[in-house]
Each structure stands twice: as C-alpha cells, then as structure tokens.
Amino acid sequence: MKKDTKPELTEQEKQLFGELMPEELAEIVESGINRRHFLKLMSLSAAGLLANHFLGAEQLFARSYEPPLSEFANAAIENGVNLSLKVNNSAKQLMVDSRMTLLDTLRERLQLTGSKKGCDHGQCGACTVIVNGERVLSCLTLAATCQGKSVTTIEGLAVGSELHPMQSAFLKHDGFQCGFCTPGQICSAVALVKEAKDGQASYVTADVRKALPATLSEEEIRERMSGNICRCGAYPNIVAAIKEVQSGKLVAQQFLFAGNLTE
C-alpha cells in the first residue's frame, strides 16, 4: 500500500508552534501534527493564549489532511464487500463488512475522526455528514449503501487554508463550546442552506405552496437543526451563524470580548 506523505508546515505554522510549543517543534516538523499536539493547542485556546496567533491557528486547523487507509487484513473481514466511493473529493476503494456503518468506516478505516460517535442511535446528530449533497446520520447509514456516492465530512469543507463560510461563521459567533457536536452541526448547517435554496419546506413553513423567503426565520433554522443536539447549549450562537451564511447578510455578535466591555 502506498504510504501517504505528511503535509509540510508553512513558515507561518512553524512560527506558531515555535512560539506556543517550542518543545514540540522538532517532533512536529519531523513527524507531523498528532492528536496530542492538537489537544495542547486546544488547551492553549481555552486559556486565551491563542488570541494573538488566531490567524495562524485558524489556517492550520483548516488544512486538509489525507490520512492513510488503515491496514486491515481482508481475510479477517466477515461478509466483506468491495466499496468504491468518493470521500472529500478523493476516490477510495476498500473492503468493508457489509454491516459496517459509514461512521465507523470514516473513523476506523479512513481515519477521518472529525465525525463524532455520540449516541450511536441517530438521536444526537454528532455524526452528521453530507452524502450526495444531502445530510445523513452516518451512525445509521451502512457504508455499503454509499457505493459510488460522494461523501463530505467536516474535514472536506475547507479549501486549503480557506475555511468554509459556515466554519468561519461558527468561529465568529462562538457557535461551539466543548466542540464535540460541532462537526455534525456544521455539516448539517451546510446542507440546510442547500435545502433552503432548493425550496424544501419544513414542519414550521407557513405555506408550502409559496417559495421560501430569501432569509429563513430563526424559527425555521431551529426546526431544521432540531436533529443536532448541543449539550453545552450554544443554540443562539449556532442560529446566528447559520442565519448569516444563509441570508448573506452580517448578523451582530451576541457576545462581547472582555476588552470590549465598558464600565
């Protein structure tokens, strides 16, 4: 199997790690970014130490990464089926158990761990990904049913160092706290915008015979996002982020940084 090469760090990224994590820099340059490095950066972010390095960190986290396929012995797979699909615009061919879910395939076989396993019963929405332009719960979707289809996960939304507009809006409006549900929230929100553009009605749409307004109401957004649960309760900020992207108009932030507060 061809071994994928790790993405090279830019000079800006090297400077970011050199200033924030100098003791880790040599290892990162040599072996690439791993989970431990990412978690350390997240802890620095939580402590407010990334504020002066936000642009560099944002571009770093937006970078796409092409992980290697997990080494699985096909002989050890029961009820194996050959699967060909496109994941984040990259063609994939692998053998999976016919009972394996799309979520487990993404996480365990393709090492795309952005999609989270929350309830594993299709009730929380943390595993939401986009299949052929439609949002699906990957924990309830068999991988074998995705033969020939195109799958987009949270890792595939950014283009190089440029964040998807929905990702940028979630950052602007602080649409996450612990971040566990955020990949599913963002994928669901991206699909929601497409659904509204296509004129798909929801349970709270007043008149399904009329075209949807250019800007969805907050009630519409809440209804359409009701399948995505945020245990931290960041719903107002999530709605604001989606409203800004869906309407194309700026929405005022609903919070103030400490430096903006006045006595």
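A salt bridge is taken here as a side-chain nitrogen of Lys or Arg within 4 Å of a carboxyl oxygen of Asp or Glu. The structure is a predicted model, in which local features need pLDDT of at least 70 and side-chain atom pairs count only at pLDDT 80 or more, while totals for chains, interfaces and linings use all residues. Residues are numbered from 1 along each chain as its sequence is written, and side-chain values use heavy atoms, with hydrogens and water left out.

The chain contains 9 helices and 5 strands, assigned as DSSP runs (helices H or I, at least four residues; strands E, at least two) and numbered from the N terminus. Of its 263 residues, 39% are buried, where buried means under 20% relative accessible area, exposed over 50%, and partly exposed in between (1.4 Å probe, protein chains only).

The structure holds 10 salt bridges. Arg224 pairs with Glu220, their closest N and O atoms lying 3.0 Å apart; the two residues are 4 positions apart in helix H8 (residues 218–224), and are therefore separated by about one helical turn. Both Arg224 and Glu220 are buried.

A salt bridge also joins the side chains of Glu195 and Arg135 (2.9 Å, N to O). Because Glu195 lies in helix H7 (residues 182–197) and Arg135 in strand E4 (residues 134–137), the pair ties together parts that are 60 residues apart in sequence. Glu195 counts as buried at 9% relative accessibility, whereas Arg135, with a relative accessible area of 22%, is partly exposed.
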